[in-house]
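I opened this structure for the first time today. These are my notes, in the order in which I looked things up.

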Amino acid sequence: MTREMTGGMTGDTRADAYRPRRDRLWFTRSRGYTVFVLRELTSVFVAWSIVFLLMLVDAVLGGSLPEFAALAARPWMIALNVVALAATVFHAVTFLNLAPKATVVRLDGRRVPAWMIQGGNHTAWALVSLLIAYVVLRS
Amino acid sequence: MTDSAETPVIRMEVARYRPGEDAEPVFQAYDVPLMDDWAVLDGLTHIKDRLDGSLSFRWSCRMGVCGSCGMTVNGEARLTCGTFLTEYAPGPVRIEPLKGFPVIRDLVVDIDDFLAKLSSVRPWLVREGEEPPLTAEYAQTPEQLEAYKQYSMCINCLLCYSACPVYVLDPDFLGPAAIALAQRYNLDSRDMDDRFDVLNLEDAVWGCTFVGECTKVCPKHVDPAEAIQRYKVSAALRSVLPWSRR
Amino acid sequence: MTPRRRTPEPYLWLLFTGGGVVAALVLPVVVLLFGVLMPLGVVDWPDAAHLRALAGHGLVRIALAVVVVLCLFHAAHRLRFTSEELLGIGRFDRLIAVVCYGGALAGSIVAVRMMTYMS
């Protein structure tokens, strides 16, 4: 780090330099960018899943569960929820896998490897899913 | 290079921008020998020496240490000294300047913006209070060295800036290397600063949306994406627990 | 020390992260059960009385409120940044932030009211 710094040199120091225009299709330029944008767009379906959950709770509390079930069984609604399922699963996999980047856990002076944290996250996902399914479906 | 009839050639399409002459970059094609042991940089050097002396590009060490020969090769940010031409056979291969920076000439970009950002994060050991004499040593355990060593490998080649869509869209973003280098000092046991004032900003760590491309293109495995996410955790904890430092 | 500019970003990021974890753990199984398997008839709809008893339970209500609030702020945060990056409209960040987090806040109020009313 011996590079000499010259402060205040930002901005248009070179008038004849070429400044590229914004690339409107940047997210198509590499697979990594496209996967990133798809990962971020799962948030649309996270929001939809919450709306759907609130509609369900409202139907349960308001005694209109049969009407809700009929709505949920419409083909377009099933199609929407299949996409929402794919999106929320994609969100879960990417989010739980990226967690070790933000959390550095040290045990015995050594950094716990990423796969262990990811394994723990996915185990927690499986356990919570099973718990919810059990609570909902037990009769 | 001696027996050109025997040696296969590869076409290199090189972006040319001559201020005053070109309104925007244009591609110029050159056929260079496709040698097994030639990096993209060797192809460019061949062009400059034998075919067109007017071509401008930066290079120095030719061994992945100086960080000056970063360019966009077939759309990807690469160190041209560490990228072999055979990877792109039979060609053509497109060489453009690093994305996200103003182009001064041909493949040479203006990095003043980065240099100003780098110095803004105080990339040196910040000490408070009495300084030990110059002869004193700052001893560190292997664990203390390990805590920051990875981030100290950065060679300022700027591939991470070029690959970062956040930076390319918004040049005010502090960017991957500057934050990773700030973390290099934050995590050093000899340093007494946490650079919260320059990192806890919308255009600093909070501008990052974790695309992760910076880490993918880094030739030194610095993992700037990880450095940024780790600082987000520290900064968030410090914000909710105002009495905690670091 | 230079004066520190206060920024809401750390708090918004904590909500985003918390929401990301909750959404990952909870939403796939909810959508799978109620959105796909039950409508397709693979799994029978539970008894209405059973679901009603479940939704009436205090802990379940608190859990639902937490899930809804965190997930909405998670989605709002991502939508704010994604729209700015996809459309190149980062200069309108303030307005976009108000719309996104405002929407999340409105949804949260609806959810909390729903969970606190006794049925």
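Before counting anything, I wrote down the burial rule: a residue is buried if 20 or more other C-beta atoms lie within 10 Å of its own, exposed if 12 or fewer, and partly exposed in between, with C-beta atoms placed from the backbone. I noted that this is a predicted model, in which local features need pLDDT of at least 70, side-chain atom pairs count only at pLDDT 80 or more, and totals for chains, interfaces and linings use all residues. Residues are numbered from 1 along each chain as its sequence is written, and chains are lettered from A and ligands numbered from 1 in the order in which they are written.

Entry: chain B. I looked up burial and found that 46% of the 246 residues in chain B are buried. I then listed its elements, taking helices (H or I, at least four residues) and strands (E, at least two) as DSSP runs numbered from the N terminus. Chain B has nine helices and seven strands. Its C-alpha atoms fill a box of roughly 70 × 40 × 30 Å along the principal axes. For contacts I used C-beta atoms, placed from the backbone, that lie within 7 Å. Of the chain B contacts between residues at least 6 apart in sequence, 66% join residues at least 24 apart.

Entry: chain C against chain A. I found 42 residues of chain C and 43 residues of chain A in this contact. On the chain C side, helix 1 (9-40), helix 2 (48-56), helix 3 (58-87) and helix 4 (93-116) each give two or more residues. Which element of chain C gives the largest share of this side? I found that helix 1 of chain C does, with 17 residues. I sorted residues by class: Ala, Val, Leu, Ile, Met, Phe, Trp, Tyr, Cys and Pro are nonpolar, Asp, Glu, Lys and Arg charged, and the others, Gly among them, polar. The chain C side then has 31 nonpolar, eight polar and three charged residues.

Entry: chain B against chain C. This contact takes 15 residues from chain B and 13 residues from chain C. On the chain B side, helix 5 (165-169) and helix 9 (224-240) each supply at least two residues. Helix 9 of chain B gives the largest share, five residues. By class, I counted eight nonpolar, three polar and four charged residues on the chain B side.

Conventions:
Contact = placed C-beta atoms within 7 Å.
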